[in-house]
Structure formats: C-alpha cells, structure tokens
Amino acid sequence: MRSKLLALVVLTAAFVRADDAKAYLEAALKIMQDNFVYRDRIDWAQLRSETLAQAASAQTNIDTYPAIRFALAKLGDHHSFLQLTPELMRQAAARGVAAAVNAPAPPRDPGK
C-alpha cells in the first residue's frame with residue numbers, strides 16, 4: 001500500500017494544471033488521506049492546515065515539494081516519500097527548491 005501512496009503522489013501531476021500549486025498540493029493531500037493505511041490516526045484538518053501554511057508562497061507545483069515532504073513526514077510511517085523523475089529533479093534544482101532529492105521523508109517529531 002505504501003508504494004501505491006508514493007506512486008499516487010507522483011502521478012498527481014498528470015491530473016492538475018501545472019500553474020495551480022494549491023490545487024496540486026490539495027490533490028496530493030487527498031491522495032494521502034484516501035490511501036494511507038493508518039489514515040484514522042491522522043488529524044487531517046490539522047495536517048492540511050500545516051501543509052498549506054508550509055506552501056503559502058508556492059507558485060508552481062515544484063514549489064510544493066517541500067510541503068508534500070512535510071506532510072509525508074507527518075504521516076510517520078518512515079516509508080512514504082516523494083519520488084521525482086529525473087526531469088522534475090532538474091526542474092526543482094533549477095528553481096532552488098530545497099530537498100529536491102528522492103529520499104524517504106524524515107521521521108515525524110515524536111513529541112507530536
């Protein structure tokens with residue numbers, strides 16, 4: 001299931017206009033909520049609010065990647081991560097988007 005979540009987040013780009021960063025992020029969050037195995041353990045309203053705040057200045061889908069990684073980390077499963085194609089990695093690097101690498105999300109803060 002985790003690999004499906006990962007793949008679904010990546011495929012979000014195919015369904016959302018490239019110039020609508022908020023819609024892209026909302027679609028990624030919906031995919032997470034619909035597919036996360038332990039979805040009943042997550043306060044989705046809070047996660048959505050925190051994630052949207054992380055991407056408040058996002059202008060493109062690429063600008064939302066740190067916020068998507070933030071949301072995935074908050075899931076706390078230590079397996080889900082944002083998988084970018086080599087082309088998207090190049091585009092992210094060109095925009096100066098931090099953490100534009102394919103790697104598992106950092107562990108969730110245990111105090112939360």
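Residues are numbered from 1 along each chain as its sequence is written, and side-chain values use heavy atoms, with hydrogens and water left out. Since the model is predicted, local features need pLDDT of at least 70 and side-chain atom pairs count only at pLDDT 80 or more, while totals for chains, interfaces and linings use all residues.

**Exercise 1. Overall make-up**

Determine how many helices and strands the protein chain has, and what share of its residues is buried.

Step 1. Helices (H or I, at least four residues) and strands (E, at least two) are taken as DSSP runs and numbered from the N terminus. The protein chain then has 5 helices and 0 strands, in the order α-α-α-α-α from the N terminus on.

Step 2. Buried stands for under 20% relative accessible area, exposed for over 50%, and partly exposed for what lies in between, with a 1.4 Å probe and protein chains only. Of the 112 residues of the protein chain, 36% are buried.

Step 3. A contact joins heavy atoms within 4.5 Å. Among contacts in the protein chain between residues at least 6 apart in sequence, 62% join residues at least 24 apart.

**Exercise 2. Salt bridges**

Find how many salt bridges the model has, and describe the pairs of Asp 34, Glu 50 and Asp 63.

Step 1. The criterion is a side-chain nitrogen of Lys or Arg within 4 Å of a carboxyl oxygen of Asp or Glu, and the count comes to 5 salt bridges.

Step 2. Asp 34 pairs with Lys 30 at 2.6 Å, N to O. Both residues belong to helix α2 (residues 21-35), where a spacing of 4 residues separates them by about one helical turn. An α-helix has 3.6 residues a turn, so residues three or four places apart point the same way. Asp 34 is partly exposed at 41% relative accessibility, and Lys 30 is partly exposed at 47%.

Step 3. Glu 50 forms a salt bridge with Lys 74, at 3.9 Å from N to O. Because Glu 50 lies in helix α3 (residues 44-54) and Lys 74 in helix α4 (residues 65-75), the pair ties together parts that are 24 residues apart in sequence. Glu 50 is partly exposed, with a relative accessible area of 25%, whereas Lys 74 is buried at 19%.

Step 4. Asp 63 forms a salt bridge with Arg 95, with the closest N and O atoms 2.8 Å apart. This pair links distant parts of the chain, with Asp 63 in the loop between α3 and α4 and Arg 95 in helix α5 (residues 86-95), 32 residues apart. Asp 63 is buried, with a relative accessible area of 18%, while Arg 95 is partly exposed at 43%.

**Exercise 3. Packing of α2 and α3**

Describe how α2 and α3 pack, and which residues meet.

Step 1. Two packed helices are described by the angle between their axes and the distance between the axes. For α2 and α3 the angle is about 150°, and the axes are 11 Å apart; axes are lines fitted to C-alpha atoms, for helices over the stretch in contact, and angles run from 0 to 180 degrees between N-to-C directions.

Step 2. That makes α2 roughly antiparallel to α3, given that angles under 35 degrees count as roughly parallel, over 145 as roughly antiparallel, 65 to 115 as roughly perpendicular and the rest as oblique.

Step 3. Lys 22, Leu 25, Glu 26, Leu 29, Lys 30, Met 32 and Gln 33 in α2 meet Trp 44, Arg 48, Thr 51 and Leu 52 in α3.
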